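Subject: Structure for you to look at

Hello,

Here is the structure I promised to pass on. Please open it first, then read my notes below.

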Amino acid sequence: MLATLMPTTYSNTIEALQTEGFALLPDLLRPEETAALLDGIEAAPATGPSFRRSQDLFAIRQVVSEIPALGSVLAKSALPRLLSALFPAGSRLVKSIYFDKPPHSNWLVAWHQDLMINVDRKANLPGFGPWTSKPEGVAVLPPPAVLDDIVTIRLHLDDCDADNGALKVVPGSHRAGVLLAAELPAYTKESVTCAVPAGGAMLMKPLLLHASSRSTSGRSRRVLHLEFSSVELPGGVQWREQQELI
Ligand SMILES: O=C(O)CCC(=O)C(=O)O
């Protein structure tokens, strides 16, 4: 059988995700799917509490609920097959954000791990906390097993490299658990920059140390950041944005 006709198993991707904390899939989306996602974003009204626009950043929170056309494009792409490989027992979308780092943007993101999950309400749950309450809703640091289950899939809608704010990561840092600020410099000397072409995906674990730099180029860096989990939260607490994508 020709290699191109063999089913994609994503076994190398899953192994890289477990050992390195991230994996790159340069051609997850077809060009017409990337174009359809951009069309959906451009057609959105861009007003309301989920939309934030400044000279250096255009972000849309809960973007898949704000722009339902995106979910239809994603459901017909290779994403469902990738999700079945990552989560054989099923998963749901628990967070979605669109980020545009426009040309020459000064927006940079310092080294951090993604520790908080968005939930619908506060509750007295063993192992959960601290809790935060912001205008957009409640978030909490969950127990390690909840974070370990999450996979973030960043779909790149533009070619992205060091010049237009690609993500920098520290391979393997997700295995160190939750790190203190004072511990970060010892890790960040070993960082790599994740260049991803338009239509490609970067997969990462929430505990992977990551950061991004200012853009020094005239190119946009548009990304759909999607987080998936198979975990049912305890005590009747729900993921705030939970949504079946497929
Ligand atoms: O997209 C970026 O440049 C950074 C985003 C990020 O660090 C995050 O979502 O946690």
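The largest nonpolar core has 51 residues. Those with the most contacts inside this core include Phe22, Leu155, Val169, Leu224 and Phe228. Met202 and Leu203 are on that list too. Keep in mind that this is a predicted model. In soluble globular proteins, nonpolar side chains tend to be buried together.

Take Met202 as an example. Which residues does Met202 contact, leaving aside its neighbours within four places in sequence? They are Phe22, Leu24, Arg154, Leu167, Cys194 and Val196.

Now the chain as a whole. Seven helices and 14 strands make up its secondary structure. Of its 246 residues, 35% are buried. Next, take the contacts between residues at least 6 apart in sequence: 82% of them join residues at least 24 apart.

What about overall size? The C-alpha trace spans about 50 × 50 × 40 Å along its principal axes. The radius of gyration is 18 Å. That agrees with a compact globule, because one of 246 residues would have a value near 18 Å.

Last, the ligand. Which residues surround it? Phe99, Val109, Asp114, Gly165, Leu167, His210, Ser212, Val223 and His225 do. By class, four are nonpolar, four are polar and one is charged. Two strands, β13 (210-212) and β14 (221-229), each supply at least two residues of this shell. Look at Leu167 again: this residue of the ligand shell is also in contact with Met202.

Best wishes

Definitions and conventions:
Residues numbered from 1 in each chain as written. Predicted model: local features only at pLDDT ≥ 70, side-chain atom pairs only at ≥ 80, totals over all residues. Near = placed C-beta within 6 Å. Helix = DSSP H or I, 4+ residues; strand = E, 2+ residues; numbered from the N terminus. Nonpolar A, V, L, I, M, F, W, Y, C, P; charged D, E, K, R; others polar. Core = buried A, V, L, I, M, F, W, Y, C linked by C-beta atoms within 7 Å. Buried ≥ 20, exposed ≤ 12 C-beta atoms within 10 Å, placed from the backbone. Contact = placed C-beta atoms within 7 Å. Rg over C-alpha atoms; globule rule 2.2 N^0.38 Å.
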